[in-house]
Amino acid sequence: MSDLPVRRGSGTSSLGRWPRTADPFEQMKELMGFDPFDQVERLLGTDRSWSFNPAFEVKETKDSYIFKADLPGIRDEDLEISLTGDRLTISGKRENEKKEESDRFYAYERSFGSFSRSFTLPEGVDAEHCIADLKDGVLNLRLPKVPEVQPKRIQVSSGSKDKGQVKA
């Protein structure tokens, strides 16, 4: 028989093994089958919509800013991206799946709910040519930079025979 923790409702049971984590709340859940946060949420009637926090990667290349986000299970219509001035906001939601009372979970670690992330961008983003693609649960967002104005080179002449004279 395997030694998997069984989750029924709000508690877990993992008899016969020592807790693997140093987190006291995790140890409490493991040893006592008690999740204090789950109990508080149940008393307050709240859900875990705050717990969905996707991972982002942001980098700058010579010609653009690239944003990547892990958004598994999010559909195009549940995702909103807006750019207002220098403020980029990416928000969306992942719906909770329906659970039956008779369901028996051995692990329940997936999170659901709404999220919203905002980033302040430096000047020079070309808002008209942004490209967003959601494929295989990964959002790729490319924000190109405005082509910078090339500095005008001013030619300096070395001394000429008209030195010191100003021509009108």
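Modeller: Let us begin with burial. This is a predicted model, and of the 168 residues of its chain, 26% count as buried. The accessible surface comes to about 13,200 Å², and carbon and sulfur atoms account for 51% of that area.

Biologist: How many helices and strands are there in the chain, and what pattern does the chain follow along the sequence?

Modeller: The chain has 2 helices and 9 strands. Read along the sequence, they give the pattern β-β-α-α-β-β-β-β-β-β-β.

Biologist: What share of the contacts between residues at least 6 apart in sequence join residues at least 24 apart?

Modeller: That share is 52% in this chain.

Biologist: How should I read the order of strands in the open sheet?

Modeller: Two strands count as paired if at least two bridges are found between them. Here, an open sheet of 3 strands has the order S5-S6-S7, and its pairing is antiparallel. Strand S5 (79-84) and strand S7 (113-120) are the edge strands, each pairing on one side only. On average, neighbouring strands of this sheet are turned by 10 degrees against each other, direction ignored.

Biologist: How should I read the hairpin of S8 and S9?

Modeller: Strand S8 (residues 131-135) and strand S9 (residues 138-144) pair over 5 bridges in the antiparallel sense. In this pairing, isoleucine 131 stands opposite arginine 142 in S9. The hairpin has 2 residues between the strands, and aspartate 136 takes a positive phi near 55 degrees.

Biologist: Where is the place of glycine 73, and is glycine 73 buried or exposed?

Modeller: Glycine 73 lies in the loop between strand S4 (64-70) and S5. A residue counts as exposed when its relative accessible area is over 50%. Glycine 73 has a relative accessible area of 62%, and is therefore exposed.

Biologist: What separates the C-alpha atoms of glycine 73 and glutamate 95?

Modeller: These two residues are 22 residues apart along the chain, and their C-alpha atoms are separated by 8.5 Å.

Key. Residues are numbered from 1 along each chain as its sequence is written. This is a predicted model: local features need pLDDT of at least 70, side-chain atom pairs count only at pLDDT 80 or more; totals for chains, interfaces and linings use all residues. Side-chain values use heavy atoms; hydrogens and water are left out. Helices (H or I, at least four residues) and strands (E, at least two) are DSSP runs, numbered from the N terminus. Buried means under 20% relative accessible area, exposed over 50%, partly exposed in between (1.4 Å probe, protein chains only). Contact means heavy atoms within 4.5 Å. Accessible areas come from the Shrake-Rupley method with a 1.4 Å probe; for residues, only the protein chains shown count as cover. Axes are lines fitted to C-alpha atoms, for helices over the stretch in contact, and angles run from 0 to 180 degrees between N-to-C directions.
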